[in-house]
Amino acid sequence: MLEKINDLYNESIQNQIAASKMLPDLLMLGAKKMTETLLSGNKIIVSGQGRAYTNAQSLVANLLHRYELSRPSFPAVLISLDGTVASAFVTEDCLPQLFLRQFEAQAQKGDLLITFAPCGNEDNILQLIQNAISKGLQIIVLTGSNNDHVKGFLSENDLEIPVPSRKESRILEQHLFITNSLCELVDYSLFAHS
């Protein structure tokens with residue numbers, strides 16, 4: 001058991017090292033897109049499905065409340081999978097429309113869609129991306145190494161942040177790190193720090 005624990009730490013650390021060599025420029029671009037969206041008076045719409053939903057929730061909590069710095073709330077909306085909204089869609093066998101209907105009601109030109117797609121099989125996420133493109137929104141997609149099909153949907157104005165792993169648990173760990181880094185970079189960009 002102890003050997004397995006050490007292997008898990010090693011795998012996570014190696015993934016973090018690989019990401020640190022690959023992703024800094026993308027994180028800088030992502031933070032810039034977020035900052036520009038907020039400064040222009042638009043909102044950030046966030047989605048994730050499955051276990052990636054928790055990272056989406058964390059990002060919205062960091063934007064609406066705060067990350068580490070006390071500051072005003074940033075306009076952020078979570079495409080929700082919880083409660084009565086989801087239950088209504090499940091009851092009427094309309095689950096594939098759950099993300100899309102919420103997004104269509106919220107999204108306006110100039111907003112930014114940030115979505116988490118770690119597995120490569122998130123059809124609801126692909127529908128959101130297509131809809132965001134048709135509405136003129138910019139997109140940031142956090143993916144893993146197994147999500148090449150997203151590239152075909154994105155324009156030159158969009159951004160993919162691909163974690164260098166095919167294992168969902170390592171991808172989710174990196175997505176949380178990326179989420180926290182983006183929030184810290186946005187705060188740093190918008191507010192003076194001592």
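Start by selecting Ser58, which lies in helix α3 (residues 53-64). Helices here are DSSP runs of H or I with at least four residues, strands are E runs of at least two, and both are numbered from the N terminus. Ser58 is partly exposed, with a relative accessible area of 26%. The cut-offs: buried means under 20% relative accessible area, exposed over 50%, and partly exposed in between, with a 1.4 Å probe and protein chains only.

Before moving on, note that this is a predicted model: local features need pLDDT of at least 70, side-chain atom pairs count only at pLDDT 80 or more, and totals for chains, interfaces and linings use all residues. Residues are numbered from 1 along each chain as its sequence is written, and side-chain values use heavy atoms, with hydrogens and water left out.

**Around Ser58**

Show the contacts of Ser58. Leaving aside neighbours within four places in sequence, Ser58 is in contact with Leu176 and Thr179. Contact means heavy atoms within 4.5 Å. Ser58 and Val46 are 12 residues apart in sequence and 10.0 Å apart in space, C-alpha to C-alpha.

**Strand β1**

Select residues 44-48, strand β1. Five of its five residues are buried, so β1 is largely enclosed by the rest of the structure. Ile44, Val46 and Gly48 point one way; Ile45 and Ser47 point the other way. In a regular strand the side chains alternate between the two faces of the sheet.

**The sheet**

Widen the view to the sheet. Five strands form an open sheet in the order β2-β1-β3-β4-β5, with parallel pairing. Two strands pair if DSSP finds at least two bridges between them. The edges are β2 (76-78) and β5 (159-162), each pairing on one side only. From one strand to the next, the twist averages 15°.

Zoom in on two pairs:
- β1 and β2 run parallel and are joined by three bridges. Ile45 stands opposite Val77 in β2.
- β4 (residues 138-143) and β5 pair in the parallel sense over four bridges. Leu142 stands opposite Ile161 in β5.

Next, show α7. This helix lies across β3 (112-117), β4 and β5, running at about 140° to β4. Axes are lines fitted to C-alpha atoms, for helices over the stretch in contact, and angles run from 0 to 180 degrees between N-to-C directions.

Angles under 35 degrees count as roughly parallel, over 145 as roughly antiparallel, 65 to 115 as roughly perpendicular and the rest as oblique. Residues making the contact include Leu27, Ala31 and Met34 of α2, and Ile178, Leu182 and Leu185 of α7. By class, the contact has 10 nonpolar, four polar and no charged residues.

Stay on α2 and pick Thr37, which lies in this helix. Is Thr37 buried or exposed? Thr37 is buried, at a relative accessible area of 5%. Not counting residues up to four places away in sequence, Thr37 touches Asn42, Lys43, Ile44, Gly110, Asp111 and Leu112.

**Last stop: α5 and α6**

Select α5 (residues 98-106) and α6 (residues 123-135). Their axes come within 9 Å and cross at roughly 25°. The two helices are therefore roughly parallel to each other. Among the contact residues are Phe99, Leu100 and Phe103 of α5, and Ile125, Leu128 and Lys135 of α6.

Methods. Nonpolar A, V, L, I, M, F, W, Y, C, P; charged D, E, K, R; others polar.
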